[in-house]
Amino acid sequence: MVDPTSRKELQSAWVLLRLGMREAAAAYRSPVAPRISALPAVPPDPASVEPIARHLIEELAREAGEGEASPIIRLLKRTFRPNEAEKTRRNVEKTFNDYVKLWQAQKPG
């Protein structure tokens, strides 16, 4: 039997992930915004969300590196002076990974 507390944690993680993805897609005019808006309120299997999340994360990574030709300078800026796109990318990636961990913890066995 699944612990009700872990179910609540999973639901909370899903709400945070969905909200973060929606805000990021809206802020950066992502083409995956309609797919994110269509995500269910109930926590789905992370495998169904992963392609959408990865696409959004890749878009944010490109947006974070815009305007800098040098890959070294891009890396230094991303590491030491992240712009808003990089901060958003990190947040989406972290919340997705947290969601996956909670989903896996709920599986019996």
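Helices α3 and α5 pack at an angle of about 160°, with their axes 8 Å apart; axes here are lines fitted to C-alpha atoms, for helices over the stretch in contact, and angles run from 0 to 180 degrees between N-to-C directions. This is a predicted model, in which local features need pLDDT of at least 70 and side-chain atom pairs count only at pLDDT 80 or more, while totals for chains, interfaces and linings use all residues. Residues are numbered from 1 along each chain as its sequence is written, and side-chain values use heavy atoms, with hydrogens and water left out.

**Overall fold**
- The protein has five helices and zero strands, where helices (H or I, at least four residues) and strands (E, at least two) are DSSP runs numbered from the N terminus.
- Of the 109 residues of the protein, 34% count as buried, meaning under 20% relative accessible area with a 1.4 Å probe and protein chains only.
- The C-alpha atoms fill a box of roughly 55 × 30 × 20 Å along the principal axes.

**α3 with α5**
- Because angles over 145 degrees count as roughly antiparallel, α3 and α5 are roughly antiparallel to each other.
- The residues in contact (heavy atoms within 4.5 Å) include Val49, Leu56 and Leu60 in α3 and Val92, Phe96 and Trp103 in α5.
- The residues of this α3 and α5 contact divide into 14 nonpolar, two polar and six charged, with Ala, Val, Leu, Ile, Met, Phe, Trp, Tyr, Cys and Pro counted as nonpolar, Asp, Glu, Lys and Arg as charged, and the others, Gly among them, as polar.

**α1 with α3**
- Helix α1 (residues 4-27) and helix α3 (residues 46-65) pack at an angle of about 40°, with their axes 11 Å apart, and α1 and α3 are therefore oblique to each other.
- The contact is made by Trp14, Leu17, Met21, Ala24 and Ala25 of α1 together with Val49, Ile52, Ala53, Leu56 and Leu60 of α3, and its residues divide into 10 nonpolar, no polar and no charged.

- Leaving aside neighbours within four places in sequence, Met21 is in contact with Ile36, Leu39, Val49, Ile52, Ala53, Leu56 and Val92.

Notes
Angles under 35 degrees count as roughly parallel, over 145 as roughly antiparallel, 65 to 115 as roughly perpendicular and the rest as oblique. Buried means under 20% relative accessible area, exposed over 50%, partly exposed in between (1.4 Å probe, protein chains only).
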